[in-house]
Amino acid sequence: MKKRNLPLGNPALVTTILEHAIEGILLTNRFGVIEQVNAAFLAMTGYKQEEVVGKTPDHLYGESFDSAFFRDLLATLVDEHYWEGEVWNRKKNGEAYLEKLRVAAIREPSGRVVGYLAIITDITAHRNYEARIQHELHHDPLTGLVNRIHFIEKITDALKLAKETKEKLAVLVLDLDRFKGINESFGSAVGDVILQRVAEGLTGTVGPECTVARLGGDEFAILLPCVKNEKEVIKTVSSILHHFEQPMVLEGNELFLTVSVGLSLYPYDGSDPESLMNHADSAMYQAMEISGSSYQFYTADMNRKAVEQVKLESSLRKALERQELIVYYQPQVDLQTGKVIGTEALIRWQHPELGLLSPTSFIPIAEETGFIIPIGEWILRSACEQTKAWQLAGYPPIRVAVNLSSRQFQQEHLLETVTRVLSQTSLEPHFLELEITESIAMNNVNHVIDTLHRLKSLGVTLAIDDFGTGYSSLSYLSRFPINNLKIDRSFVSNFTSSHDDATIVKAIISLAKGLNLYVTAEGVETSQQVEFLRKLHCNKVQGYLYSEPLSAAEFEAKFLQAARW
Ligand code: C2E
Ligand code: MG
Ligand code: MG
């Protein structure tokens, strides 16, 4: 850097500082004419020394020069001898950058101002980073929609306004019906694309004044501010449901999605974000239960149900140790011989207040909370122990089928658990059949095939449960090392009256035969169904025609003692 006379004490020291400083430094005389700049300043702005020295700084600001701003800056410098702030500036190539500018007056000991020193830091990257972090904190990375935290802030703001203007507002919580099954069947990459499309669809359907959020998983929420009446809300919900009536085209395939919507309204259902969200959530669960593709406004009765659900969850924690869980057994009959050759273990919960509960009311909670792991192991052990005890009592040996839930199937220690239980109960492995549902089987197929092979190598048999309800790819089915296909009850119960269901049952049976698999029909309730299934060479049947699931003692009395020679 060329040496010049500086309005400061030791010129050599000043020059050294200037050359080594990381921040841009600019020195002017007392009239504001630039006398010296350092290398960092030139690198930051792209100017050459001769382009700036001898000029006043306002020349550097080009279009962004604001004379009022510089007048203020100078006035502050005169009064206080120091100014700092953030200023948008332009580099020589026109690129805008945000600088942190600190300007100090340089004074002689007498107090006379002899020049000005400006220190300049480029903080554009830092500001962009901060803005990105702020965005990430408030948005869902997959869909770009606002997240739960920001959504609650939006409701808080909208509530303030609604309280002032005496208007209403609505909170909608939406959940995609059967999304878990779709995600498990097609894989999470496709699931992600679906969620992105849903996000776009919702944003496009509601007006720009509304906020669309993704709360997590397949749950979305919408805030409708400044609502006049319920009719207006219903109009928006109808357009959302209508939007979902159009199929989503994914890689050339049409996918029909439906959505359940729960609604809460300020001021009727709450006056803070939490209660509006909770109540819309309860209403959404109600909509889901009634049917897919529907909406529900919140009612106080729903809150009672939600509280019951939470209670059920906390009492399920204790159900195992309080010995409230019971395994029931339903016979499986060989269609050729008419003999009971197996049994399916089906769990029940003897709830101290609510009575005997069906697994459909608590298995989903057990899955969600993870209790399914200890509960599942307990069921497996009880069923194996009981089956072995029947053998030791001298009854003709039967095979016991045990259901595995999705979470159990994915747990790391499944193989060790099954091995340990078989060895502890001394049940020979071929008397145990493990049932997994079709949707579990289609999730992460290679991993599933590997796990099934390893289970099979233990000597147990394997069945696909509720077949026909998922999205099985037939090519995968042939790669699964399974023994048995269980046709879902929904097809069996209708096939004598429904031509379509009869066609499906026939197709499943011939598919199973082609793949050398056994076929079990679930939910057989009439002898007409038995005759039809026999003609199709179905192997096994299970259903109320023979018996509902029974306690171990009842099952033994009714089916095992009767079968003793
Ligand atoms: P699933 O494995 O498909 O079991 C068959 C269900 O159909 C049983 O209901 C059984 O009682 C019912 N069922 C059998 N025959 C008939 C019939 O003729 N008509 C009608 N209407 N229903 C019939 P349940 O015991 O309520 O079990 C429901 C589901 O809960 C089971 O479906 C299974 O997915 C799950 N589940 C039951 N026990 C367990 C368990 O120990 N572990 C796990 N993970 N899931 C279980
Ligand atoms: Mg089953
Ligand atoms: Mg089933």
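Let me begin with Ala40, which lies in helix H2, residues 39-45; helices here are DSSP runs of H or I with at least four residues, strands are E runs of at least two, and both are numbered from the N terminus. The model is a predicted one, in which local features need pLDDT of at least 70 and side-chain atom pairs count only at pLDDT 80 or more, while totals for chains, interfaces and linings use all residues. Residues are numbered from 1 along each chain as its sequence is written, chains are lettered from A and ligands numbered from 1 in the order in which they are written, and side-chain values use heavy atoms, with hydrogens and water left out.

Is Ala40 buried or exposed? Ala40 counts as buried because its relative accessibility is 18%, and buried means under 20% relative accessible area, exposed over 50%, and partly exposed in between, with a 1.4 Å probe and protein chains only. Beyond its neighbours within four places in sequence, Ala40 is in contact (heavy atoms within 4.5 Å) with Ala21, Ile22, Glu23 and Gly24. Ala12, 28 residues from Ala40 in sequence, is 18 Å away in space, C-alpha to C-alpha.

I turn to the whole chain. The protein chain has 22 helices and 22 strands, and 47% of its 565 residues count as buried. Its radius of gyration is 36 Å, whereas a compact globule of 565 residues would be near 24 Å; the radius is taken over C-alpha atoms, and the globule rule is 2.2 Å times the number of residues to the power 0.38. Along the principal axes, the C-alpha atoms fill a box of roughly 120 × 55 × 50 Å. Of the contacts between residues at least 6 apart in sequence, 63% join residues at least 24 apart.

Next, the interior. In soluble globular proteins, nonpolar side chains tend to be buried together. A nonpolar core is a set of buried Ala, Val, Leu, Ile, Met, Phe, Trp, Tyr and Cys residues joined through side-chain atoms within 4.5 Å. The largest one has 78 residues, and Leu432, Leu434, Phe480 and Leu533 touch the most other members. Helix H13, residues 372-392, gives the most to this core, with 7 residues. A second, separate core of 33 residues includes Val233, Leu241, Phe244 and Met248.

Finally, helix H12. Within H12, residues 359-369, the buried residues include Phe362, Ile365 and Ala366. After H12 comes Gly370, with a positive phi near 90 degrees.
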